[in-house]
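Hello,

Here is the structure you asked for. My notes on its cores and salt bridges follow below.

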Amino acid sequence: MEYGVFVRKKRYIPLERIQSLDISEGILQRLCGMVKVQIETAGGSRTDEAEAVLSAISKDEARYIQEYVAAAKNPSVQEDIEYIQEVPNHTVYKITSSQLILLSLTSGGVGVVISAVLAFLSQLDDFIPYERLFRGVEQWAVSNMIVIALLVFVGFVAAWIIALFGTMLKYANFNVTKTEHDLVISQGLLEKRQITIPSTRIQAIRINENIVRQWLGYGSVSVESAGGSASNKEGSKVLLLPLVKLDTIEQILEPYFTDYQFTSSFTPVPKRAMIRYIFRSWFIIVPIVVVSIVFLKVWGLLSLIILTLITFWGVLKYKDAGWSLEEQQLSLRYRTIVRTTVFIKRNKIQSLELKESYFQRRKELASLEAFVKVGFGGAGGRVIDMDRMDVKKVYSWFSREVKKRG
């Protein structure tokens, strides 16, 4: 690449280092018949930018770059780039209209919209005299609580509608195809995007289920890839199946990920760990409940409802925690806000971290965390309060592979 007006710069990127190509069409670029190409390389960039960005080039040029890079990665066809077009592509997944609507309804994007609006308003402190404007509003608010509650409700509905349409525009026409060596993901209505991920760079496969989708039997599948940069973390954690029935994931992915076993049988953490999951959920809420009861008296008792919900969430996290070990694969399941299941091949694990606190030692428990290398930072999964013997079993399984590599 060569660029610059007053200072000319040249950058040389070996084709074999290129890990993914992200092609997008913003509204302005579509009006001009152009596309934007972001090139991610092995290890990512140390800056906040991708290794290379071509902000406005023609679609034909982008397609030529894509084909040339694909050909360079396959020496047997490097002299015949046209061969790439002859390799049949297989459709892995294509989102339906009903799936797109359900995805939007269960995306939980309302919080993002509200946060963005509040962040925008907070930047206007120097221009809008909030104190003077709202001085009289305080007195009006006391006598108009119903109106305020109605306005808040309307605001949430509006934010939900904005998030709904935003999600639909983002994931419209979502399509995943498998070429000989790559996964090609395309999506978007107003802004079209296309991401190319080499299959060999996939480090782990992750299934996420928020509480609503889990109840409906749906989830989303993403892959963690050795690509991406600080400003393009999506290059390393790419959504593969935005919304899919949980019982069809194995049927969809098994033909294209033959070395993975999408098991649904997990060894749970021991029963003696449940009280620890509950206590961890109490750390913040219990002091708040005590203060509420002391100062608010009868009204403070309502905080016990929150304590009950938090306790239920702790029990839910305990029930969801588990692990599974195959000959060449480690599978971990745990819950934070959403329930997550991670499938990691043994040769992709960068390191295993075992933790055992004093209180865990007394109950013969330990925590296990597996790390894989992605383009920006690390990723993987963690299960807390496993049986100590189970943790040692996983460590022994992994250490044999490390010795084998050595």
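**Salt bridges and cores**

The count comes to 13 salt bridges, where a salt bridge is a side-chain nitrogen of Lys or Arg within 4 Å of a carboxyl oxygen of Asp or Glu. Please note that this is a predicted model, in which local features need pLDDT of at least 70 and side-chain atom pairs count only at pLDDT 80 or more, while totals for chains, interfaces and linings use all residues. Residues are numbered from 1 along each chain as its sequence is written, and side-chain values use heavy atoms, with hydrogens and water left out.

One of the salt bridges joins Arg272 to Asp387, with the closest N and O atoms 2.6 Å apart. These two residues come from distant parts of the chain, 115 residues apart: Arg272 sits in the loop between β13 (267-268) and α10 (274-296), and Asp387 in strand β19 (residues 378-387). Helices (H or I, at least four residues) and strands (E, at least two) are DSSP runs, numbered from the N terminus.

Are the two partners buried or exposed? Buried means under 20% relative accessible area, exposed over 50%, and partly exposed in between (1.4 Å probe, protein chains only). Arg272 counts as partly exposed because its relative accessibility is 31%. Asp387 counts as buried because its value is 18%.

Asp385 and Arg276 also meet through their side chains in a salt bridge (3.1 Å, N to O). Here strand β19 supplies Asp385 and helix α10 supplies Arg276, 109 residues apart. Both Asp385 and Arg276 are buried.

Lys355 pairs with Glu353, the closest N and O atoms being 3.3 Å apart. Lys355 is partly exposed, at 41% relative accessibility, and Glu353 is partly exposed too, at 30%. Elsewhere, salt bridges that share partners join Glu209, Asp320, Arg335 and Arg339 into one network.

Now the cores. In soluble globular proteins, nonpolar side chains tend to be buried together. A nonpolar core here is a set of buried Ala, Val, Leu, Ile, Met, Phe, Trp, Tyr and Cys residues joined through side-chain atoms within 4.5 Å. The largest one has 33 residues, and Leu240, Leu253 and Phe257 have the most contacts inside it. Among the elements that each supply at least two of its residues are β6 (90-94), α4 (97-105) and α9 (249-253). Strand β12 gives the most, with five residues.

Which residues does Phe257 touch, leaving aside its neighbours within four places in sequence? Phe257 is in contact (heavy atoms within 4.5 Å) with Leu183, Ile202, Ile205, Leu240 and Phe262. Apart from this core lies another of 27 residues, including Val269, Val374, Ala379 and Met386.

Regards
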